[in-house]
Amino acid sequence: MQILETFAKSEKEALELGASYLEVDASMLELTLHKKGGSGFLGMGNKNPSVYHINAIPDKTPKEVVAKGVTATLLSYLGFSIQFTSCETRDDGKLYLEMSSTHAGHIIGRKGKTLESLQFLVNLMVEKFLKEPPKILLDIEKYRSRREDQITSMAVKSADQVVRSGRSKLLNPLNPYERRLVHVALQEREDVTTESQGNGVYKRVRIMPLGEGGQPIAAADIPDSADDSQTESSYDSEDYYEEQSAMAREMQNSEE
């Protein structure tokens with residue numbers, strides 16, 4: 001499976017470049033020549049570099065290396081360059097990949113939807129190679145940790161608002177991980193309860209006040225206000241989701 005593309009004047013140089021970028025021993029990778037470089041005008045001058053494909057070896061190339069290569073390749077097709085700053089397997093078994101890039105805002109997209117789309121495709125492609133779910137979590141410029149803080153803060157603030165008003169509050173649509181953050185942030189409170197509502201991946205969480213006996217109070221919703229705007233980050237200013245996810249799907253189809 002191709003996981004990276006390099007430009008070099010020799011096979012040795014290409015393999016060294018790929019191994020260095022992926023932070024793995026060269027013996028864990030295979031190399032194929034994709035396009036042979038040519039010499040200068042009339043055979044003189046500097047030789048143009050050849051194009052090499054770095055391939056993963058089944059049952060030999062580590063999962064994190066495959067994940068790095070697939071992620072970097074997909075983003076390079078979109079015109080974005082990245083560097084990996086952290087790679088670790090967490091206690092829950094998920095592989096966490098932290099990236100840095102001058103294109104971070106474009107890669108994240110509005111409310112992180114482009115990053116979520118990229119993460120979905122990376123997991124799908126790596127799973128086809130490993131024959132098992134890889135559980136890869138992508139992050140860039142610490143976006144997810146900041147987003148977690150914003151979601152938790154918004155949940156607590158909204159719960160306080162619900163208690164003061166005696167009315168329920170319906171939050172903006174959130175992905176499954178973000179909804180869990182809301183539920184966990186408020187699960188120990190005795191004055192409110194939470195419930196996910198809606199269909200699809202992006203559902204809304206309703207925060208409801210609790211009456212005597214711990215029963216939810218049926219009441220009208222608090223009107224939507226600017227309170228939810230605090231879940232926006234500095235990277236959420238441009239909505240690249242539809243265009244870039246469509247491009248990513250086209251790239252995946254071309255790989256098959």
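**Notebook: sheet, helices and a ring pair**

I started with an open sheet of three strands, ordered S4-S5-S6, with mixed pairing. Two strands pair when DSSP finds at least two bridges between them. S4 (83-89) and S6 (136-140) are the edge strands, each pairing on one side only.

Ground rules before going on. This is a predicted model, where local features need pLDDT of at least 70 and side-chain atom pairs count only at pLDDT 80 or more, while totals for chains, interfaces and linings use all residues. Residues are numbered from 1 along each chain as its sequence is written, and side-chain values use heavy atoms, with hydrogens and water left out.

Back to S4. It runs antiparallel to S5 (residues 95-100), and six bridges join the two. I noted cysteine 87 opposite leucine 97 in S5. Helix H2 (residues 63-77) lies across S4, S5 and S6, at about 40° to S5. Helices (H or I, at least four residues) and strands (E, at least two) are DSSP runs numbered from the N terminus; I count seven helices and nine strands in the protein.

Next, aromatics. Searching the whole structure gave me one aromatic pair. The ring centres of tyrosine 21 and phenylalanine 84 are 6.1 Å apart and the planes stand at 65°, so this pair is edge-to-face. The cut-offs, for rings of Phe, Tyr and Trp (its six-membered ring): centres within 6.5 Å, with planes under 30 degrees apart stacked, over 60 edge-to-face and the rest tilted. Tyrosine 21 sits in helix H1 (residues 11-22) and phenylalanine 84 in strand S4, 63 residues apart. Phenylalanine 84 is buried at 13% relative accessible area, whereas tyrosine 21 is partly exposed at 23%. Buried is under 20%, exposed over 50%, partly exposed in between (1.4 Å probe, protein chains only).

Last, helix H6 (residues 176-186). Its buried residues are Glu178, Arg179, Leu181, Val182 and Leu186. Down the H6 axis they fall within an arc of 150°, so they line one face of the helix; the arc is taken from the directions from the helix axis to the C-beta atoms. They pack against helix H5 (143-165), strand S8 (192-197) and strand S9 (204-209), contact meaning heavy atoms within 4.5 Å. At the N-terminal end of H6 I found a cap: a side-chain oxygen of asparagine 175 lies 3.1 Å from the backbone nitrogen of tyrosine 177.

Methods: A polar contact is a pair of N or O atoms within 3.5 Å; within protein, one must be able to donate a hydrogen and the other to accept it, and residues adjacent in sequence count only if both atoms are side-chain atoms. Axes are lines fitted to C-alpha atoms, for helices over the stretch in contact, and angles run from 0 to 180 degrees between N-to-C directions.
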